[in-house]
Amino acid sequence: MGNLEMSTGDMRDVIRLLTAVERTPEQERSLGSARERCAQVDARLEDQGITLDVPVVQALEELLEGSPGADMQPGYTYAFQALVAGQFSDTYDLGYWRRPSWFHTVDEEMTRHGVPADLAPAAILFDGPPVRLPHPGDAVPWMSTFPASRAAEVVAAYEAVLDRLDPEVRETAEVLLEPMRVEAKEWEATKRAGRTEDTIFFWLH
C-alpha cells in the first residue's frame, strides 16, 4: 500500500550526479539537497517506528561510492528517489493505493482487450529502477521509469478500449490516462524547445 506519484525529467542528470568523479558546484548543491531529503526520510520513518538496517543517509553515501553494503534494503531505493526529486519536476499525485497488486488485475483485462502488454498499467508502474539497486525487500517503496516519447501510445491504446472495460478497471485506467494525455502534449513541446526531459518517473511509497 502507498501513495503513487509521477514526475518528469532527464534521468541522465541523475546518473551523472550519482557517478561523477569530480562534481560541478551545481551538482554539489544538488547533492546537498538530496542528503537533506534522505535525513528527512530517516526522521519520518523513525517517527513511524521503522528502523532500517541501512539508513537512507548511509545508503546514499554507499550509492555514491558505488558499493552498496546490503543486498536487500529499502534505504537505497529511498536514496535514489532523493536524487531524482532534486532533478525532476514537481510530482503529480496519482492517489493512494491500498492494494498495488490490483494493477496486475487491471493489466489482465486491458491486455485481453488489445492493449499491448508493455503499455499496461502494472508494466509501466512497476518496471523497477533505471539502475541496478539492492531490492527494497518489501512491496514499497517502488519505482519505475517510462519514456515520455511513448506517452501518446499509452493514450491511444487506453482510449481504444476504455468503453469496453469493467467500470472499476476503467476508473483505474483513467487515473493513468489523464496525466499521460498531459505528458504526450508536454513531450511535443519539449521536442520543439530542444529540451531533454524525456523520462517519466513513478514512485510508490
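The axes of helix H2 (residues 25-47) and helix H4 come within 9 Å and cross at roughly 130 degrees; axes here are lines fitted to C-alpha atoms, for helices over the stretch in contact, with angles running from 0 to 180 degrees between N-to-C directions. That angle makes H2 oblique to H4, given that angles under 35 degrees count as roughly parallel, over 145 as roughly antiparallel, 65 to 115 as roughly perpendicular and the rest as oblique. The crossing of H2 and H4 is right-handed; a crossing has this hand if the near helix is turned clockwise from the far one by less than a right angle, and is left-handed if anticlockwise. On the H2 side, the contact (heavy atoms within 4.5 Å) is made by Ser30, Leu31, Ala34, Arg37, Cys38, Val41, Arg44 and Leu45. H4 contributes Tyr78, Ala79, Ala82, Leu83, Ala85, Gly86 and Gln87. By class, these residues of H2 and H4 divide into ten nonpolar, three polar and two charged, where Ala, Val, Leu, Ile, Met, Phe, Trp, Tyr, Cys and Pro count as nonpolar, Asp, Glu, Lys and Arg as charged, and the others, Gly among them, as polar.

The model is predicted, so local features need pLDDT of at least 70 and side-chain atom pairs count only at pLDDT 80 or more, whereas totals for chains, interfaces and linings use all residues. Residues are numbered from 1 along each chain as its sequence is written, and side-chain values use heavy atoms, with hydrogens and water left out. Helices (H or I, at least four residues) and strands (E, at least two) are DSSP runs, numbered from the N terminus.

Helix H8 (residues 167-193) meets helix H7 (residues 151-161), their axes coming within 8 Å and crossing at roughly 140 degrees. H7 and H8 are therefore oblique to each other, and their crossing is left-handed. Ala151, Ala152, Val154, Val155, Tyr158 and Glu159 of H7 make this contact with Ala173, Leu176, Leu177, Met180, Arg181, Glu183 and Ala184 of H8. Ten nonpolar and three charged residues take part in the contact of H7 with H8, and no polar ones.

H8 also meets helix H5 (residues 102-112): the axes come within 10 Å and cross at roughly 105 degrees, and H5 and H8 are therefore roughly perpendicular to each other. Trp102, Phe103, Val106, Glu109 and Met110 of H5 face Glu168, Val169, Thr172 and Ala173 of H8 in the contact, a set of six nonpolar, one polar and two charged residues.

Turning to the strands, four of them form an open antiparallel sheet in the order E2-E1-E4-E3; two strands pair if DSSP finds at least two bridges between them. E2 (92-97) and E3 (142-147) are the edge strands, each pairing on one side only. Direction ignored, neighbouring strands of this sheet are turned by 20 degrees against each other on average. E3 and E4 (residues 199-204) pair in the antiparallel sense over six bridges, and Pro147 has Thr199 of E4 as its bridge partner.

Finally, the structure holds four aromatic pairs, with rings of Phe, Tyr and Trp (its six-membered ring) pairing if their centres lie within 6.5 Å; planes under 30 degrees apart count as stacked, over 60 as edge-to-face and the rest as tilted. The rings of Tyr78 and Trp203 have centres 5.8 Å apart and planes at 75 degrees, so this pair is edge-to-face. Because Tyr78 lies in H4 (residues 75-87) and Trp203 in E4, the pair ties together parts that are 125 residues apart in sequence.
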